[in-house]
Amino acid sequence: MTDSIPRLGFGTWARTGADGVAAILYALETGYRHLDTAQSYGTEQSVGEAMRQSGLRRDEIFVTTKIKVDNLGPGKLLPSLRQSCDTIGVDQVDLTLIHWPAPHGRIEPEVYLEQLAEAREAARTRMIGVSNFTIALLEKAEAILGKRAVATNQIELNPLFQNRKLADHCNKRGILVTCYQPVAQGRMGDIEQMRLVAERHEATVEQVALAYELSKGYAAIPTSSKPERIRSNWQAHMLSLTAADIETIDALPQSLRAIDPAGAPLWD
Ligand SMILES: NC(=O)c1ccc[n+]([C@@H]2O[C@H](COP(=O)([O-])OP(=O)(O)OC[C@H]3O[C@@H](n4cnc5c(N)ncnc54)[C@H](OP(=O)(O)O)[C@@H]3O)[C@@H](O)[C@H]2O)c1
């Protein structure tokens, strides 16, 4: 596995139990080589089980996990990541993210970001990054960890919520944008411009969304419980949009953010 993050990954939220293992295994058989899990999803075990059943070598699969808010306090992060590695059944993960900044700034970013760097030094994770970080928090992270230390910021982003200000900042700072909700949970079927682009390419609107995100240089981690969708989402990496398609999608009216829990940071 090189140091780059595979751009089209498989999200694992809700992929629990035997059905979850089957979906993740199907994703690996289809060609996905990046699995996105989190301590709070209850899918670390399914990820490990599917990896073992796949027969792929450990170094053929890129595994991301995320540290939950309960494990951000002093002395908690590294033991929790060791537990995540044990649950998955690996010595180290490829990428560890802070899932959410501490709600209401109750824990200073130094406390958990320094522990994240220690986890990398302890070889429990090859790379480190963040999720749901704002521009102000990314600037703090860079000051604490150094330039280029934050490999990615995983954020909500799809054609209906392009999160442009934050994505532009990440691009400028050399931080890979990883899009969550990249197929807008299947909500794009009624958007005429998306349907027209999809028809022109004999593709689905979800494939168009993923191709759009990849064309911007972002990573995307769609999930599905259904084999035909797991496969068709994967095939999006072969779809090339034209500059006109991209302009059309750039100009779509934007909807509200879908994921905005209590305690979320002050968004940009
Ligand atoms: N860092 C964070 O805070 C954060 C937040 C949210 C998500 N995530 C990560 O990002 C991943 C993806 O986000 P997400 O699961 O919220 O959203 P998503 O991937 O945009 O949407 C998944 C949903 O859309 C449906 N779907 C998938 N492909 C489809 C297709 N081709 N056509 C129609 N419907 C389709 C799936 O239903 P079916 O199962 O019925 O196909 C599923 O309910 C998660 O699994 C998780 O790993 C991270």
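Buried means under 20% relative accessible area, exposed means over 50%, and partly exposed lies in between, with a 1.4 Å probe and protein chains only. By that rule N132 is buried, because its relative accessibility is 1%.

This is a predicted model, in which local features need pLDDT of at least 70, side-chain atom pairs count only at pLDDT 80 or more, and totals for chains, interfaces and linings use all residues. Residues are numbered from 1 along each chain as its sequence is written, and side-chain values use heavy atoms, with hydrogens and water left out.

Start with the record. UniProt, in an unreviewed entry, lists residues 7-252 as "domain: NADP-dependent oxidoreductase". UniProt positions follow the numbering used here, feature names are shortened, and annotations may be inferred rather than shown by experiment. Over residues 7-252 the chain is 44% helix and 15% strand. The end C-alpha atoms of that stretch are 23 Å apart. Helices (H or I, at least four residues) and strands (E, at least two) are DSSP runs, numbered from the N terminus.

Now go to the loop between β4 (93-98) and α4 (109-121). H99 sits in this loop. UniProt places the feature "binding site" (unreviewed entry) at H99. H99 counts as buried because its relative accessibility is 10%. E108 is found in the loop between β4 and α4 too. E108 is partly exposed, because its relative accessible area is 45%.

E108 also belongs to a negative surface patch, together with E110, E114 and E118. Patch residues have over 30% relative accessible area and no salt bridge, and like charges are joined within 9 Å. A salt bridge is a side-chain nitrogen of Lys or Arg within 4 Å of a carboxyl oxygen of Asp or Glu. Asp and Glu count as negative. The place of a Glu charge is taken as CD.

Step on to P109, which lies in helix α4. P109 counts as buried because its relative accessibility is 7%. Its C-alpha atom is separated by 8.5 Å from that of I144, 35 residues apart along the chain.

Two asparagines deserve a look at the backbone. N132 lies in the loop between β5 (125-131) and α5 (135-145). Its phi is positive, about 60 degrees, although N132 is not a glycine. N163 lies in the loop between β6 (150-156) and α6 (164-173). Phi of N163 is also positive, near 50 degrees, in a residue other than glycine. N163 counts as buried because its relative accessibility is 13%.

Methods:
Patches are made of residues with over 30% relative accessible area and no salt bridge: like charges are joined within 9 Å, nonpolar side chains (Val, Leu, Ile, Met, Phe, Trp, Tyr) within 5 Å. Accessible areas come from the Shrake-Rupley method with a 1.4 Å probe; for residues, only the protein chains shown count as cover.
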